[in-house]
Amino acid sequence: MRRPLLALVLAIAAIGVLAAGLAALLDTPRPPRGASRGERLFYELCATCHGTDGRGTWRATLFLVRPGNLADGARLGQRSDQYLFDIIKNGGAPIGRPGMPAFGAALSEDEIRELVAYVRELSRAR
Ligand code: HEC
């Protein structure tokens, strides 16, 4: 193989590796097998900011978003189910916490209730 061609092939391979690495980093994490609907929704919609364990992700930190720690039992213990439901449905803006987006348009009330239950589970498990 001639030199320039070899360089081209290597460059393409390097770009491929880089792209695969980035894709793996930025991909939405996959929920475990047999996950509940609440858990699947959480992985799909919430884990980008809150992390699959609820503790927040470096990606959120990168964009200066501070999602707090949903796995903190002491903190979550002070939150009523109604509060959790409202902040997921209406977002944080109505209560002066604009970092948390509203999901009322994307989710049914049933789905929001399942997410509330799952968020409770996150803080109970650890
Ligand atoms: C764009 C990033 C982002 C996404 C996506 C996101 N959140 Fe949040 N969330 C935040 C931030 C930031 C806060 C903290 C707001 C504040 O305190 O100012 C927050 C706060 C919360 C709180 C309140 C915690 C507390 O102690 O008061 C709950 C509950 C919550 N999020 C659940 C969810 C759920 C469930 C989803 C998925 C449906 C979700 N979030 C998706 C960024 C996000």
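View 1. The model is predicted, so local features need pLDDT of at least 70 and side-chain atom pairs pLDDT 80 or more, while totals for chains, interfaces and linings use all residues. Residues are numbered from 1 along each chain as its sequence is written, and side-chain values use heavy atoms, with hydrogens and water left out.

View 2. Look for Arg79, whose side chain has an N or O atom 2.9 Å from a ligand oxygen. In His50, a side-chain N or O atom lies 2.7 Å from a ligand nitrogen.

View 3. His50 (through NE2) and Met100 (through SD) coordinate the ligand's iron at 2.0 to 2.1 Å; donors are N, O and S atoms within 2.8 Å of the metal (3.2 Å for Na, K and Ca). The arrangement is octahedral because the six donor atoms subtend angles of 87 to 179° (for six donors, opposite ones must be over 155 degrees apart and all others between 65 and 115). Since His50 belongs to helix 2 and Met100 to the loop between helix 5 and helix 6 (109-125), the pair ties together parts 50 residues apart in sequence; helices are DSSP runs (H or I) of at least four residues.

**View 4. The shell around the ligand.** Step back to find 20 residues surrounding the ligand, with Cys46, Cys49, His50, Arg97 and Met100 the closest; near means a heavy atom within 4 Å.

Terms used
Polar contact = N/O pair within 3.5 Å; in protein donor to acceptor, adjacent residues only side chain to side chain. Tetrahedral: all angles 85-135°; square planar, octahedral: opposite > 155°, others 65-115°. Helix = DSSP H or I, 4+ residues; strand = E, 2+ residues; numbered from the N terminus.
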